[in-house]
Amino acid sequence: MKWILFTGRVALICNLCSVFTVIILFQQYIGNNQVVSSIIIVGYVLAMVFNPLWNLAVLLLLVFRRELYRALPKWLVIVNFIFLLLQLQYIIFLNDRTYH
């Protein structure tokens, strides 16, 4: 049970880095390039891997083991799901031909 809670927190941190990545890419930021590049890697790569996998694991817990799902914080499940929807919307926006 601790692994799902830990990966949920990791997914939340990656999702916050994803938001910072979008903010950094839309603004001209001049600062510490190592920190910015680390945030971009975590925001783009790890968030796109951890968040969908974590939401899928939570869905499987909900379907097969309801007692383990009840032990998860509901705010973490809701926030990570909202970030998943925002990431899907951002991917669709990047690949839409009418905006490019």
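The crossing of helices α2 and α4 is left-handed, a term used when the near helix is turned anticlockwise from the far one by less than a right angle. The model is a predicted one, in which local features need pLDDT of at least 70 and side-chain atom pairs count only at pLDDT 80 or more, while totals for chains, interfaces and linings use all residues. Residues are numbered from 1 along each chain as its sequence is written, and side-chain values use heavy atoms, with hydrogens and water left out.

The protein chain has four helices and zero strands, where helices (H or I, at least four residues) and strands (E, at least two) are DSSP runs numbered from the N terminus. Along the sequence the pattern is accordingly written α-α-α-α, and the C-alpha atoms fill a box of roughly 45 × 35 × 20 Å along the principal axes.

Two packed helices are described by the angle between their axes and the distance between the axes. For helix α2 (residues 33-64) and α4, the axes come within 10 Å and cross at roughly 130°; such axes are lines fitted to C-alpha atoms, for helices over the stretch in contact, and the angles run from 0 to 180 degrees between N-to-C directions. The two helices are therefore oblique to each other, given that angles under 35 degrees count as roughly parallel, over 145 as roughly antiparallel, 65 to 115 as roughly perpendicular and the rest as oblique. On the α2 side the contact (heavy atoms within 4.5 Å) includes Tyr44, Met48, Trp54 and Val58, and these residues have among their counterparts in α4 Leu76, Phe83, Tyr90 and Ile91. By class, the contact of α2 with α4 holds 13 nonpolar, four polar and no charged residues, with Ala, Val, Leu, Ile, Met, Phe, Trp, Tyr, Cys and Pro counted as nonpolar, Asp, Glu, Lys and Arg as charged, and the others, Gly among them, as polar.

The structure holds one aromatic pair. The ring centres of Tyr44 and Tyr90 lie 6.4 Å apart with the planes at 20°, so the pair is stacked; rings of Phe, Tyr and Trp (its six-membered ring) pair if their centres lie within 6.5 Å, and planes under 30 degrees apart count as stacked, over 60 as edge-to-face and the rest as tilted. This pair links distant parts of the chain, with Tyr44 in helix α2 and Tyr90 in helix α4, 46 residues apart.

Helix α1 (residues 2-26) also meets helix α4 (residues 74-95), their axes coming within 10 Å and crossing at roughly 40°, and α1 and α4 are therefore oblique to each other. Among the residues that make this contact are Leu5, Arg9, Leu12 and Val19 of α1 and Trp75, Val79 and Phe83 of α4. The contact of α1 with α4 has twelve nonpolar, five polar and one charged residues.

Finally, α1 and α2 pack at an angle of about 140° with their axes 6 Å apart, and α1 passes α2 in a left-handed crossing. The residues of this contact divide into 21 nonpolar, seven polar and no charged. Thr7, found in helix α1, has a side chain that makes a polar contact with the side chain of Trp54 at 3.5 Å, a polar contact being a pair of N or O atoms within 3.5 Å, where within protein one must be able to donate a hydrogen and the other to accept it, and residues adjacent in sequence count only if both atoms are side-chain atoms. The side chain of Thr7 also reaches the backbone oxygen of Trp3 at 2.9 Å.
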